[in-house]
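Welcome to this short tour. Keep your viewer open, and select each stop as we reach it.

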Amino acid sequence: MLEMTALQRNHLYQFRGQQLRYSHQSNSLVNAPFIFNDSKGRRKELSQKQAQMEVFELQEFCEN
């Protein structure tokens, strides 16, 4: 299970087989969805429960 404090902006995560980049937590007071963007720039809003249960951080590798 992922802790919500562990989410970091611009880090890569996986949700239901899809790679998403974490953007931010919504300022909305109702359910405060977590905002992710896919590789095509489409926005995906996940509830806190979805993010905790189904989001996994992916390790990115960089070439020097």
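Start by selecting β1 and β2: these strands form a hairpin, with two residues between them. Click on arginine 16 in the turn, where phi is positive, at about 50°. Before going on, note that this model is predicted, so local features need pLDDT of at least 70 and side-chain atom pairs count only at pLDDT 80 or more, while totals for chains, interfaces and linings use all residues. Residues are numbered from 1 along each chain as its sequence is written, and side-chain values use heavy atoms, leaving out hydrogens and water.

Now look along the hairpin. Strand β1 covers residues 12–15 and strand β2 covers residues 18–25; the two run antiparallel and are joined by four bridges. Two strands pair if DSSP finds at least two bridges between them. Select glutamine 14, and then find its bridge partner in β2, glutamine 19.

Which strand, made of residues 55–57, pairs with β1 over three bridges? Select β5, which pairs with β1 in the antiparallel sense. Here phenylalanine 15 has valine 55 in β5 as its bridge partner.

Zoom out to the whole protein chain. There are one helix and five strands, in the order β-β-β-β-α-β from the N terminus. Helices (H or I, at least four residues) and strands (E, at least two) are DSSP runs, numbered from the N terminus. Of the 64 residues in the protein chain, 30% are buried. Buried means under 20% relative accessible area, exposed over 50%, and partly exposed in between, with a 1.4 Å probe and protein chains only.

Next, select aspartate 38, in the loop between β3 (34–37) and β4 (43–46). Is aspartate 38 buried or exposed? Aspartate 38 counts as buried because its relative accessible area is 13%. A polar atom of the aspartate 38 side chain lies 2.8 Å from the backbone nitrogen of arginine 42. Leaving aside neighbours within four places in sequence, aspartate 38 is in contact (heavy atoms within 4.5 Å) with Gln18, Gln19 and Leu20.

The last stop is alanine 32, in the loop between β2 and β3. Alanine 32 counts as buried because its relative accessibility is 18%. Leaving aside neighbours within four places in sequence, alanine 32 is in contact with Gln25 and Ser26. To finish, draw a line from the C-alpha of alanine 32 to the C-alpha of leucine 46: these residues are 14 residues apart in sequence and 8.9 Å apart in space.

Key
A polar contact is a pair of N or O atoms within 3.5 Å; within protein, one must be able to donate a hydrogen and the other to accept it, and residues adjacent in sequence count only if both atoms are side-chain atoms.
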